[in-house]
Amino acid sequence: MAVSLSHVSYSATFTSSASKTTVSGPSLSPHSIKVPTFLPLTVKPLNSSFTPHGARAITIAPHATSTPSSIPSDTSTKTFHGLCYVVGDNIDTDQIIPAEYLTLVPSNPDEYEKLGSYALIGLPSSYATRFIEPNETKTKYSIVIGGANFGCGSSREHAPVALGAAGAKAVVAESYARIFFRNSVATGEVYPLESEVRICEECRTGDVVTIELGESRLINHTTGKEYKLKPIGDAGPVIEAGGIFAYARKTGMIPSQSK
C-alpha cells in the first residue's frame, strides 16, 4: 500500500521531564493516503480431459529355489564307526600339525596325503601310542576324542585338513578353540562335535565307538556306555558338502565351477 507524503512538512517538539514526554506533529488527512487496488484473482480450471498416468502392472517372480538334487544330503542319518584316539586338554595346532609342514599344499593330491601322514605328530612323547604308525600315511583311528579347548593356537587351516587327510572323520571334544571349529566347517574335513561331559576321561585309545549324528550320540561299544553330544546344527550340511565353497555351489549361491 502506497502512502503519499508529498509536500508535507513534519516537525516535532519534544519536551522531556521527569514525569512525561510530549510528542507533537502534523495530522495526516485521510485524503492524503492512497490505497492501491487489486484485480480479482483468476483461477484457470484444470483440463477436464486430464487423466492420471496409467498404472503399470508389476510382476514379482519368486526367488529360484534349489532342486532336491542340488541340496546336500541330510546328515541326520550319518554315522561314523571305528577306533577312537584319545587326547587331553589344550591340544594346539602345533601339536596337530607342526609349522614345518605348512609348506605342503593341500590342493595338491600328493602333498595332501603327505600332510595327513604328519597329523598329530607334534604330540609329546607321553603319548605312547602314535596317531599314525611309522611308515604309514593313514591312521587307523577314525575318531579323535579330546578335552577342553581343542585346536587352540594359530589360525592355520592345515590343522583340520591334516586330520581329514589322515583319515579322521570326526573330533569329539569338550570344547574347541573357535578358529579350529570354524576351519573344520569351512574346509569340510572333519566334524567338530562337542560332548556334554568329559568323554576323554572315560574312553581309551583303541575303544570301538559309533557316532550317530541324527541322535547326537556317541556309543562306546568297548565299555557299553553312551554319551549325549551337542547337535551339529547348520554346520552339518556344509561339512557334508565338502566345505563352505562346495556347499555354496551345490545350493546355487555361487556358480558351479566350469568343467
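Biologist: How many of the 5 residues of strand E4 (residues 141-145) are buried, and what does that say about the strand?

Modeller: This is a predicted model, where local features need pLDDT of at least 70 and side-chain atom pairs count only at pLDDT 80 or more, while totals for chains, interfaces and linings use all residues. Residues are numbered from 1 along each chain as its sequence is written, and side-chain values use heavy atoms, with hydrogens and water left out.

Now the strand. In E4, 5 of the 5 residues are buried, so the strand is largely enclosed by the rest of the structure. Buried means under 20% relative accessible area, exposed means over 50%, and partly exposed lies in between (1.4 Å probe, protein chains only). Strands (E, at least two residues) and helices (H or I, at least four) are DSSP runs, numbered from the N terminus.

E4 has partners. Strand E3 (residues 79-86) pairs with E4 in the parallel sense, over 4 bridges. Two strands pair if DSSP finds at least two bridges between them. Ile143 in E4 stands opposite Cys84. E4 also pairs with strand E5 (residues 170-173), again in the parallel sense, over 3 bridges. There, Ile143 has Ala170 as its bridge partner. Val144 stands opposite Val171 in E5.

E5 is covered on both faces. Ala170 and Val172 are buried on one side, and Val171 and Ala173 are buried on the other. In a regular strand the side chains alternate between the two faces of the sheet. Next comes strand E6 (residues 191-194), which pairs with E5 in the parallel sense over 4 bridges. Ala173 stands opposite Glu194 in E6. From E5 the chain crosses through H4 to E6, and this β-α-β crossover is right-handed.

Together with helix H3 (residues 158-166) and E5, E4 makes a right-handed β-α-β unit. In H3, 9 of the 9 residues are buried, so this helix is largely enclosed by the rest of the structure. Among the buried residues are His158, Pro160, Val161 and Leu163. The buried residues of H3 pack against helix H1 (93-96), helix H2 (109-116), E5 and helix H4 (178-187). After H3 comes Gly167, whose phi is positive, near 115 degrees.

The loop between E4 and H3 deserves a stop. Cys152 has its place there. Cys152 has a relative accessible area of 16%, so it counts as buried. Leaving out residues up to four places away in sequence, Cys152 touches Asn90, Ile91, Asp92, Thr93 and Ala177. A contact means heavy atoms within 4.5 Å. Take Asn90: Cys152 and Asn90 are 62 residues apart in sequence, but 6.4 Å apart in space, C-alpha to C-alpha.

Asn90 itself lies in the loop between E3 and H1. Its relative accessibility is 44%, so Asn90 counts as partly exposed. The phi of Asn90 is near 55 degrees, a positive value in a residue other than glycine.

Another residue of that kind is Leu120, with phi near 60 degrees, also positive in a residue other than glycine. Leu120 is found in the loop between H2 and E4. With a relative accessible area of 2%, Leu120 is buried.

Now the surface. Ile244, Phe245, Met253 and Ile254 form a nonpolar patch there, with about 400 Å² of accessible area together. Ile244 is found in helix H6 (residues 244-250). At 41% relative accessibility, Ile244 counts as partly exposed.

Finally, the whole protein. The secondary structure comes to 6 helices and 9 strands. Of the 259 residues, 35% count as buried. Among contacts with a separation of 6 or more, residues 24 or more positions apart account for 65%.

Note on methods. Right-handed = clockwise from strand over helix to strand, strands pointing away. Patch = residues over 30% accessible without salt bridge, like charges linked within 9 Å, V, L, I, M, F, W, Y side chains within 5 Å. Areas by Shrake-Rupley, 256 points an atom, 1.4 Å probe, with all protein chains shown as cover. Salt bridge = Lys/Arg side-chain N within 4 Å of Asp/Glu carboxyl O.
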